[in-house]
Amino acid sequence: MKTDLHTQFTRIFHEQRDKIFRLCKAMVYDYSYVDDVFQEAMSNVWKSLKSFKGKSSIDTWVYRIAINTCITFNNRQKRLTAQKAEMQENFAPVVEEENEQLHQLYQAIKRLNASDRSIIGLYLEDFSYKEIAEILGISTSNVGVRLNRIKQKISVIIHQKN
């Protein structure tokens, strides 16, 4: 049993790590914590793996854990002092390996609320509307409506900076 869990976790990690990392990057307010949140998300997957009931796909279940981990982390961060929160909000990290458009996109996504960041993060990972709806527990049509609104918000944010 333990070996089966280890094998299953290893498969999940190798197949999902890049997507989960990008999801964490899109959802976590402060980029300096992305690695930590990613590790925490994967740790939560490992701890919960034996309780997976198979009511959804394993990938959907893993994404739900990752999203919840990001949301929990962000909520903990909000409880910090006003001075530290203000410093984090004004912090704009320079991401050398990303081109300017991608950097602008991440900055715009960072300004969205947690729910919108979840949706756009999954959309950018090429999940279908149906899969996004299943992961987030909303209707497929709601996903479409919200994605259109999110895209408009991102466009406005990016164009405000230019």
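User: Why is Arg-11 called partly exposed?

Analyst: Arg-11 has a relative accessible area of 31%. A residue is buried under 20% relative accessible area, exposed over 50%, and partly exposed in between, with a 1.4 Å probe and protein chains only. The value for Arg-11 therefore falls in the middle class. Please note that this is a predicted model, in which local features need pLDDT of at least 70 and side-chain atom pairs count only at pLDDT 80 or more, while totals for chains, interfaces and linings use all residues. Residues are numbered from 1 along each chain as its sequence is written, and side-chain values use heavy atoms, leaving out hydrogens and water.

User: How do you know that Glu-15 and Arg-11 form a salt bridge?

Analyst: The rule asks for a side-chain nitrogen of Lys or Arg within 4 Å of a carboxyl oxygen of Asp or Glu. In Glu-15 and Arg-11 the closest N and O atoms are 2.4 Å apart, so the pair meets the rule. Side chains of opposite charge can pair when their charged atoms come close. Glu-15, at 45% relative accessibility, is also partly exposed. Both residues belong to helix 1 (residues 2-27) and are four residues apart, about one turn of the helix. Helices here are DSSP runs of H or I with at least four residues, strands are runs of E with at least two, and both are numbered from the N terminus.

User: What makes the bridge between Glu-40 and Arg-76 a link between distant parts of the chain?

Analyst: The closest N and O atoms of Glu-40 and Arg-76 are 3.2 Å apart, and the pair counts as a salt bridge. Glu-40 lies in helix 2 (residues 34-48) and Arg-76 in helix 3 (residues 58-78), 36 residues apart. Glu-40 is partly exposed at 26%, and Arg-76 is partly exposed at 33%.

User: Where do Asp-116 and Arg-146 lie, and why is Asp-116 called buried?

Analyst: Their side chains meet in a salt bridge at 3.8 Å, N to O. Asp-116 is in helix 6 (residues 114-124) and Arg-146 in helix 8 (residues 140-161), 30 residues apart. Asp-116 has a relative accessible area of 5%, which is why it is buried. Asp-116 and Arg-146 also join Lys-153 in a network of salt bridges. By the rule for these bridges, the count comes to five.

User: What makes a group of residues a nonpolar core, and how many residues does the largest one have?

Analyst: A nonpolar core is a set of buried Ala, Val, Leu, Ile, Met, Phe, Trp, Tyr and Cys residues joined through side-chain atoms within 4.5 Å. The largest has 43 residues, and Ile-20 and Ile-154 have the most contacts inside it. Helix 3 gives the most to this core, with nine residues. A contact means heavy atoms within 4.5 Å. Leaving aside neighbours within four places in sequence, Ile-20 is in contact with residues including Phe-38, Met-42 and Val-62.

User: Why is the pair of Phe-52 and Trp-61 called tilted, and what is the pair of Tyr-63 and Phe-127 called?

Analyst: Rings of Phe, Tyr and Trp (its six-membered ring) pair if their centres lie within 6.5 Å; planes under 30 degrees apart count as stacked, over 60 as edge-to-face, and the rest as tilted. By this rule there are seven aromatic pairs. Phe-52 and Trp-61 are 5.0 Å apart, centre to centre, with 55° between the planes, so the tilted class applies. Tyr-63 and Phe-127, at 4.5 Å and 75°, are edge-to-face. Tyr-63 lies in helix 3 and Phe-127 in the loop between helix 6 and helix 7, so the pair ties together parts 64 residues apart in sequence. Both Tyr-63 and Phe-127 are buried.

User: How do you know that the charge of Lys-25 sits over a ring?

Analyst: The rule requires NZ of Lys or CZ of Arg within 6 Å of the ring centre and within 35 degrees of the ring normal. The charged end of Lys-25 sits over the ring of Tyr-106, 5.0 Å from its centre. Lys-110 lies over the face of Tyr-31, at 5.7 Å from the ring centre. Lys-110 is placed in helix 5 and is buried, with a relative accessible area of 13%.
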